[in-house]
Amino acid sequence: MRTVLVTGPGGAGRTTVAAATALAAARAGRRTLLVSADAVPGLPGGTGPTEVADGLHHARVDSAEHFRGELVALQERASGALDLLGARRLDGEELTELPGSAQLALLHTLRRAAEGDWSEDGYDVLVVDLPPLADALALLALPGQLRRYLRRLLPQERQAARALRPMLAQLAGVPMPAQWLYEAAARKDAELAAVEALIGDAATTVRLVAEPGPAAEDALRSARTGLALYGLRVDGLVANRVLPRHSSDPWFADLAARQEKCLASWQESGTPLSEVAHLGRDPRTLDDLALLDAVPAPDDRTPGRADDPWWTEDSRDEDDGDGVLVWCLPLPGAVKEDLRLVRRGDELLLTAGPFHRVLHLESVLRRCTVSGAALADGVLRVRFTPDPALWPRTP
């Protein structure tokens, strides 16, 4: 399944472009599902996939409904502990969603789409209308972060000792975690793994939407580092609401000239650029979306992320080498003063400005010590020196 994740600076019309992308895919004869949390002009707002055009289905994310359902189900699974404590259960009608529930609801919807819960025949294309750019990058990193937390707090290997928990509880004098807690953690881990696999699939790309201007240019420039850090591939940039280049009105002509200057800069970036003309009004119907014909349909040939685009250089066997391994991480737009590296066991904690990721070191690097790092030409090079205590000795 080809997946296109659509995001961009707030107020750039990303939801409209996401809908136009899905419509273009459907008109190309591909069975398409559009997922959005915001209302899409001219489309129904049902939480289940609803056919809105030939080959195009739309599903709206209802975070409030998802939050109520999850909390009610959690109370059912923990009924034994709640009854023991004499707790009064909360009814679904009195529950109000908490901050962060929108992100979890969207991840849940992506999991259902990835596992084909909504269609026996499946979909050829999945178009996802993500939140604005900064929130979208945090959302795409969330499945990996949550899975790491679950593995640390409830290690799977400790589940093997569940038969000993009653005895351990008597010895410790406190109740041990119930089996339902481990089962719930395993279930959530499987759901997050499905979403993480969808985001990291070779057929998944990010489509950026921006209205030409200085603010959008700054937002896209800073986002380049986060996209690279999380290993995400951009398939194109859609310049939305582009004004006509020629006008007799001085104010209008000046605004168009500033847009054209920004577009020229984006053309030089190397990212495929599509220009969508301003309709003069906000799109309200499917016919209006069809007018945005400059929005390209997803291309099956567009390469996505197969693996993290990082590599290791080995100079141990070179006569003029310094006997180190160098892990190379492209981070375009990164600034040296905003970088922070921490080695902790088998992990490398990397912070680049507002972006943070925990990287698991491969086997050969785990047997080394970090001896330095340098940022040059948009690539962070981390030097690893073999640890004599851990490295196999050669005769």
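How many bridges pair strand β11 with β12, and in which sense, parallel or antiparallel? I started my notebook with that one. I found six bridges between β11 (residues 339-344) and β12, in the antiparallel sense. A reminder to myself before going on: this is a predicted model.

**Entry: around β12**

I stayed with β12, which covers residues 347-352. For a facing pair I noted Leu341, which stands opposite Leu350 in β12. β11 and β12 make a hairpin with two residues between the strands, and Gly345 there takes a positive phi near 60 degrees.

Then I looked at what follows. β12 also pairs with β13 (residues 355-360), again antiparallel and over six bridges. Thr351 has His356 in β13 as its bridge partner. This is a hairpin too, with two residues between β12 and β13. In its turn I found Gly353 with a positive phi of about 65 degrees.

Is β12 mostly covered or mostly open? Mostly covered: I read six of its six residues as buried.

**Entry: the eight-stranded sheet**

Next I traced an open sheet of eight strands with mixed pairing. I wrote down its order as β3-β4-β2-β5-β1-β6-β7-β8. Why is one side of β3 and of β8 left without a neighbour in the sheet? Because β3 (50-53) and β8 (273-277) stand at the edges, each with a single partner strand.

β6 (residues 204-210) and β7 (residues 234-242) run parallel and are joined by five bridges. Arg207 stands opposite Gly236 in β7.

Which helix lies across strands of this sheet? I found α1 (residues 14-27) lying across β1 (2-7), β2 (32-36), β3, β4 (56-60), β5 (125-129), β6 and β7. Helix α1 runs at about 170 degrees to β5.

**Entry: Ser119**

I went to the loop between α4 (101-114) and β5 to find Ser119. Is Ser119 buried or exposed? Its relative accessibility is 11%, so I put Ser119 down as buried, the cut-off being under 20%. I also looked at Pro49, which is 70 residues away from Ser119 along the chain. Their C-alpha atoms are separated by 9.0 Å.

**Entry: aromatic rings**

I counted three aromatic pairs. The one I followed up is Trp310 with Trp327: the ring centres are 5.9 Å apart and the planes stand at 85 degrees, so I noted the pair as edge-to-face. Trp310 sits in the loop between α10 (286-290) and β9 (311-314), while Trp327 is in β10 (residues 325-330). The pair therefore ties together parts that are 17 residues apart in sequence. Both of these Trp residues, Trp310 and Trp327, are buried. With Phe384, Trp310 and Trp327 form one aromatic cluster.

**Entry: the whole chain**

Last, I stepped back to the protein chain, where I have eleven helices and 15 strands on my list. The chain has 395 residues, and 40% of them count as buried. For contacts with a separation of 6 or more, I noted that 67% are between residues 24 or more positions apart. The chain exposes about 21,000 Å², and carbon and sulfur atoms supply 52% of that.

Notes:
Residues numbered from 1 in each chain as written. Predicted model: local features only at pLDDT ≥ 70, side-chain atom pairs only at ≥ 80, totals over all residues. Heavy atoms only, no water. Pairing = 2+ DSSP bridges. Helix = DSSP H or I, 4+ residues; strand = E, 2+ residues; numbered from the N terminus. Contact = heavy atoms within 4.5 Å. Axes fitted to C-alpha atoms, helices over the stretch in contact; angles between N-to-C directions. Buried < 20%, exposed > 50% of the residue type's maximum accessible area, 1.4 Å probe, protein only. Areas by Shrake-Rupley, 256 points an atom, 1.4 Å probe, with all protein chains shown as cover. Phe/Tyr/Trp six-rings, centres within 6.5 Å; stacked < 30°, edge-to-face > 60°.
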